[in-house]
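Here are my notes on two spots in this model. Please read them with the structure open.

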Amino acid sequence: MRLIRLTSREPTAVFDSAFNENLVLPPNSKIALQSVSAGVERKDLVVDGINNEIQYQIATGVNRTIFVPAGQYRAANTDDLLRYITRELNKSCDFRQGVDATQKMLGIQWLAEKNKDKKVSIGYRIGRYGPHKNSWTFANTSAIDANSTTFRATEAVNPTTDNSRNCILPYLISRGNGFIRCRTGSLLAGTAADQEGIGYIIGLTDNLDATGADLETNDFTYAIHVTIVGGQKLYRVYEDGVHNPTYDTNMNTYVADDADNEHQEITINGGTIDINIYRTATNVPTQLATYQITDAPAPPAGEVETKLRPFFVFRGGNINATANFIRATPSPYGDQPPDLQQPDIIGVGAPPRPSAPETLGANFIFFESVELSNFLGYSRQRFPPNGNIQAYEKDYIAESEFPIPQEADAFLVLLDSLQLQSYDSFSKTQEPSGGQRRNILTVIPSSNTTGSLVYEPSYPTFIDLDNANPLLIRNIRARIVRNDYSPVAVEGLSSLVILVDN
């Protein structure tokens with residue numbers, strides 16, 4: 001029996017050992033692992049109040065700070081960490097009118113994910129601002145170009161109290177700071193018996209399956225009914241299909257189809273849903289209601305927890321109820337409406353709009369802790385290291401790949417320079433297939449949670465080499481890999497001790 005020790009300082013646990021003279025392995029030799037020792041690089045992070053801060057800037061004078069939820073993160077739950085970072089970044093995107101130096105926060109959405117190159121990417125994009133009139137699905141309604149995109153019912157006169165006259169934009173609005181807006185065109189009572197048959201409803205729904213044929217009042221997740229009660233033009237607020245009279249607010253200014261009529265807006269404003277109106281002669285909103293977005297359990301990777309689509313319902317006929325200057329900011333991730341961004345609204349007190357795409361901003365991101373940045377694969381804490389990056393939208397991509405988590409924490413020792421009689425049915429597909437001979441010396445059912453891999457089987461398992469003739473070898477190449485054959489990151493000196501018998 002012979003004992004052979006292999007050593008390596010390679011960071012991926014590759015052993016390439018050369019000897020000064022030939023090692024002679026007799027015919028019908030057998031080989032086994034005696035022991036293995038390696039400093040497996042720990043890939044875990046404890047986030048607490050000391051290392052949980054990320055700062056960013058998207059334009060000069062538009063800065064925010066977020067705090068990553070405390071917890072212990074490792075390769076197996078990195079997706080959770082990226083979801084939390086996505087959520088906190090989007091929650092930080094409230095528009096601070098009069099404080100932010102620009103309006104670039106409007107329409108924004110952040111996303112932290114692993115990209116196709118297995119690297120962490122943290123970045124933001126701006127949703128296209130416009131009416132997107134060719135993308136709406138219309139049911140007993142239509143869009144016309146008068147007064148810069150007017151929506152109305154196809155029925156001219158007769159009112160209704162149901163929701164059959166509607167239109168839905170089949171795209172989510174931006175999660176960081178997205179909105180649906182309109183301006184009142186015409187608002188008359190006509191022949192309606194009461195307020196339910198008057199005006200129009202602008203809203204957001206979380207029923208992503210709702211269609212024009214089955215849109216119900218219960219689908220009014222957040223909405224404003226622009227109507228008339230007792231001769232007074234009025235705003236009525238809905239949440240989850242229920243009208244809350246506490247927020248009833250009078251409309252102050254109205255002239256049929258006038259450019260200075262009041263605007264209505266429902267917006268995801270960072271961590272809140274705000275229901276606003278814009279009075280004549282001011283671009284500062286009057287808030288009718290606000291709702292806190294609660295931190296639901298983390299959604300699947302690459303998604304956000306708040307998904308809302310815009311809709312309109314018209315109760316009055318088209319001579320009595322119209323909404324114009326429709327503006328929305330669909331999510332910039334996933335499917336996109338084909339329409340281009342539209343120009344500013346003309347009129348006194350027009351609401352603020354997102355920055356034009358050609359408007360660059362001074363960008364940076366800063367991780368308070370090098371632990372957090374390195375854990376995510378970034379080589380430093382600040383990007384760029386000095387100054388700013390001029391960009392309209394920006395992705396910060398880590399330099400290093402992030403390891404894909406395994407289903408089980410185990411390791412394989414492979415002998416690449418010798419033909420072993422060992423076999424593996426491993427497949428990268430869901431259904432097992434493609435099993436074949438592999439040069440597996442041993443399987444180590446050991447955890448790397450301690451940061452070290454030390455393994456010595458009680459009874460070495462010898463594997464046949466099936467060499468009919470003596471083998472002369474001066475070089476032995478071996479590897480330690482994960483159970484899916486991906487590389488293992490190690491630190492310091494690693495060693496393998498193998499036994500040869502015949």
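1. Basis. This is a predicted model, in which local features need pLDDT of at least 70, side-chain atom pairs count only at pLDDT 80 or more, and totals for chains, interfaces and linings use all residues. Residues are numbered from 1 along each chain as its sequence is written, and side-chain values use heavy atoms, with hydrogens and water left out.

2. Asn467, setting. Asn467 sits in the loop between strand 33 (463–464) and strand 34 (471–482). Strands here are DSSP runs (E, at least two residues), numbered from the N terminus. Asn467 counts as buried because its relative accessibility is 5%; buried means under 20% relative accessible area (1.4 Å probe, protein chains only).

3. Asn467, partners. A polar atom of the Asn467 side chain lies 2.7 Å from the backbone oxygen of Pro26. The backbone oxygen of Asn469 is 3.2 Å from a polar atom of that side chain. Leaving out residues up to four places away in sequence, Asn467 touches Leu25, Pro26, Pro27, Asn28 and Ser29. Touching means heavy atoms within 4.5 Å.

4. Seven strands form an open sheet in the order 10-13-22-15-16-17-18, with antiparallel pairing. Its edge strands, strand 10 (137–139) and strand 18 (242–250), each pair on one side only. From one strand to the next, the twist averages 20°. Axes are lines fitted to C-alpha atoms, and angles run from 0 to 180 degrees between N-to-C directions. Two strands pair if DSSP finds at least two bridges between them.

5. Strand 17 (residues 232–239) pairs with strand 18 in the antiparallel sense over five bridges. Glu239 has Val242 as its bridge partner in strand 18.

Methods:
Helices (H or I, at least four residues) and strands (E, at least two) are DSSP runs, numbered from the N terminus. Buried means under 20% relative accessible area, exposed over 50%, partly exposed in between (1.4 Å probe, protein chains only). A polar contact is a pair of N or O atoms within 3.5 Å; within protein, one must be able to donate a hydrogen and the other to accept it, and residues adjacent in sequence count only if both atoms are side-chain atoms.
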